[in-house]
Amino acid sequence: MPLPRPRGTALRQRLAELRGPDVPAKALDARALAALAANPGCKRRAILDGAGVNKTALASALGSPSAFGQSQFALTRGNAFEAKVKADGGAELLRLVHEKLDRRAEPPAHARVPELTATGPEGRTARTALALREAAEARGGWTLLDHPMLALDVAGSPAFLEPDAVVVHPDGDWTVVEIKSFPMLDGSADPAKVGAAARQAAVYVLALEEVAARLEPAPRVRHRVLLVCPKDFSNLPTASAVDIRKQRAVTARQLARLTRIEDIADTLPAGTCFSPELPAADLTAAVESVPATYAPECLSACELAFHCRARSRASGAVTSLGRSVRAELGGLSTVEDVLSAARGESGDPDDPAVAALRRAARLRAEALGEEAVAACR
C-alpha cells in the first residue's frame, strides 16, 4: 500500500494544476505581498498569488488589460541607479547607512560582502540565513548583503523575497535598505511612493525577524529602514531613514488574517484552471468561481483591478464606491438596496444607515424643491 503524500506536496500539485499545464509559477514579491496584505479579504487575489498565476497575462486574456506596473524605461533607470549606489563594494550605500542610522558606530572603511549565490530560491534562502548568522557572530565590522533571499510564510504557502540590500551593523543589528529611482526633492519625496516603499520594507522586516528568531541570541531587526533615492534632478544618491513600525504592525496583522490558500483551493470546483490559454468563457467562469473584494484602491495595486471593477459595477456592489462608503452602509450591499432604502421602499427604519439615507433624501428633495420655485420666479 503506497504511503499518502504529504499535505504540502498535494497542495503544490493542486496549485500547479490551477496555473495550467507546464506554466511556470510567478514569484510572489514584496510589492505583491504588501498589496495582498492591504486587502486580506480578497480570496481571488490570495489564490492567484499563491498559485503563482501571472495576473498580467490573465487580465489580458479576460479582455481587461491592466496598466499596472513599471515601464521598461523605469526599470532600466532603476537598475542603473541601484548599480551606482552599490558600486565599489557598496561604499556609498554604507556611508549613507552610517550617516542616517548609526553615527555612533565606526565609519565603514571597508565591509564584508558575502557571496549569496546558490541553486534555487530554497538554496539562496539557506545561504542568506548562514551569511546573516556569520555576520551577527562576527561583531565589530560592517556587512553588506546584496540581494539576499528571504522566505515568509503567507497563508500556508512560502513566499521568497529579495530586498535590495540588508546591512549588518557592527553591533549585530540588521537594517533593510530600499533603493528607488523616484527623486528626493529638497530632502523629501512623494508621500504616496514613500508609503508604498515603506509597506514593501515592512514585508522584508517581517521575513528578517523570522530568520533572527532562529538565532541565539536573536539579533535586533531595526524598524527604521533606509530609503535611498536620487537627489533632486541628478543621479547622485541621497537617503532618508523611514520608521516602518506602523506598516510592519498592519502588514503582520493583515497577513495573519489571510485565509489559508489550501482552504480556498479546497472550495474550488474540480478542474478549475486559470491558464490564459483557455477560452475566454471558461477562463471567466474560473475566475468568477473565487470571490473578490474589489475597492478603488485596487486600481493602483492589482493587475485584475479593471476586470473586478467592471464586475462590481455590473452587479451594483457598493464596494465599487470605496471601502469607507461600504462601511457606512452596513447591511446594504448594492446600489439598488441603497436607493430603495432612501426612497422608503425597503429597509428597517431603526437601522442607522437607513435612517441617514432617508434623511439625506428628504434634504435633497427640499433643496431641489426650493431651487425649482426660485427658477419659476
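A residue counts as buried when its relative accessible area is under 20%. Keep that cut-off handy for these close-ups, which come from a predicted model.

**View 1. Leu-93 is tucked away in helix 6.** Leu-93 sits in helix 6, which covers residues 87–101. Its relative accessibility is 0%, so Leu-93 counts as buried. Who does Leu-93 touch, once its neighbours within four places in sequence are set aside? The contacts are Val-85, Lys-86, Leu-144, Ala-165, Val-177, Leu-226 and Val-228.

View 2. In general, strands of a sheet pair through backbone hydrogen bonds, either parallel or antiparallel.

View 3. Look for Val-228 opposite Ala-239, and for Leu-226 opposite Ala-241. Both Leu-226 and Val-228 are also on the contact list of Leu-93. Six residues lie between the two strands of the hairpin, and in the turn Asp-232 has a positive phi of about 50 degrees.

**View 4. Asp-173 pairs with two arginines.** Side chains of opposite charge can pair when their charged atoms come close. Arg-220 forms a salt bridge with Asp-173, with the closest N and O atoms 2.6 Å apart. Arg-220 belongs to the loop between helix 8 (191–213) and strand 7, while Asp-173 belongs to the loop between strand 5 (165–168) and strand 6 (174–179), so this pair ties together parts that are 47 residues apart in sequence. Arg-220 is partly exposed at 48% relative accessible area, whereas Asp-173, at 7%, counts as buried. Arg-222 forms a salt bridge with Asp-173 too, at 3.2 Å between the closest N and O atoms. Arg-222 is buried as well.

**View 5. Arg-260 meets Glu-262.** Their side chains form a salt bridge, 3.0 Å from N to O. Arg-260 is partly exposed at 39% relative accessibility, but Glu-262, at 12%, counts as buried. The salt bridge count comes to 21.

Notes:
Residues are numbered from 1 along each chain as its sequence is written. This is a predicted model: local features need pLDDT of at least 70, side-chain atom pairs count only at pLDDT 80 or more; totals for chains, interfaces and linings use all residues. Side-chain values use heavy atoms; hydrogens and water are left out. Two strands pair if DSSP finds at least two bridges between them. Helices (H or I, at least four residues) and strands (E, at least two) are DSSP runs, numbered from the N terminus. Buried means under 20% relative accessible area, exposed over 50%, partly exposed in between (1.4 Å probe, protein chains only). Contact means heavy atoms within 4.5 Å. A salt bridge is a side-chain nitrogen of Lys or Arg within 4 Å of a carboxyl oxygen of Asp or Glu.
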